[in-house]
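Colleague: I've got this one open on my screen and I'd like a close look at a single part of it. Could you pick one stretch and walk me through it?

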Amino acid sequence: MRIVIAGGHGQIALRLERLLSAAGHEVAGVIRNPEQDDDLREAGAEPVVLDLESASVEMVAAVLQGADAAVFAAGAGPGSGSARKDTVDRAAAVLFADAAERAGVRRYVVVSSMGADASHPGDGIFDAYLRAKGAADDDIRARTALEWTILRPGSLTDDAGTGMVRLEARTGRGPVPRDDVAAVLAELLDTPATAGLTLELIAGSVPLSVAVKDVAGN
């Protein structure tokens, strides 16, 4: 498959690029900063420099043309204010989905967040983040032209992945290594029967390939 990943230099995205390229997929990563090119190439991905905060839907659709799947893994990141939570975590996800529809890319996988909720209360930066992610998820779940899957990991850690997870519609809170999030994303991309599902992910006791098959009903 050809897979295009928004937020291609993110910690989960780089791990996912390595997994996908090692499995023989053609991977492109969308980044804002051309200085990150070498990191993507090292991960086996083709870097595409494009700012999703200023790009038009036509520009993004051109990047997605011919892709088999799109993954939204972009985020404003730590240190950004509430305004960029909206322009990146919400608006860029919607733009990427609009562009996927225009380019005829049906498979669309989103890296969201546990607790994402468009009506989440609070005035803090993290509150704004959860609202932005929730609003983006709501927008994407309303689309019939996309075969979407939304993954909501728990607290991300840099611990080595174990390959053992809990993946369900509701898991309750808990940590999960970024390694395992990336591996689950790769499995989701290989499992189109997970389309239409919003899933929470934490560390657990089930091999991740089995966990994905279970939620897909296989």
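This is a predicted model: local features need pLDDT of at least 70, side-chain atom pairs count only at pLDDT 80 or more; totals for chains, interfaces and linings use all residues.

Modeller: Gly75 sits in the loop between S4 and H4. If you skip its neighbours within four places in sequence, Gly75 is in contact with Val88 and Asp89. As for Gly29, that residue is 46 residues apart from Gly75 in sequence, and the two are 14 Å apart in space, C-alpha to C-alpha.

S4 covers residues 69-72, and both of its faces are covered. On one side you have Ala69 and Val71, on the other Ala70 and Phe72, and all of these are buried.

S4 also has strand partners to look at. Strand S1 (residues 2-6) runs parallel to S4, joined to it by four bridges. In that pairing, Ile3 stands opposite Ala69. Strand S5 (residues 107-111) is parallel to S4 as well, again with four bridges. Here Ala70 has Tyr108 of S5 as its bridge partner. To get from S4 to S5, the chain goes through helix H4 (residues 82-103), and this β-α-β crossover is right-handed.

Methods:
Residues are numbered from 1 along each chain as its sequence is written. Side-chain values use heavy atoms; hydrogens and water are left out. Buried means under 20% relative accessible area, exposed over 50%, partly exposed in between (1.4 Å probe, protein chains only). Helices (H or I, at least four residues) and strands (E, at least two) are DSSP runs, numbered from the N terminus. Two strands pair if DSSP finds at least two bridges between them. A crossover is right-handed if, with the strands pointing away from the viewer, the path from the first strand over the helix to the second runs clockwise. Contact means heavy atoms within 4.5 Å.
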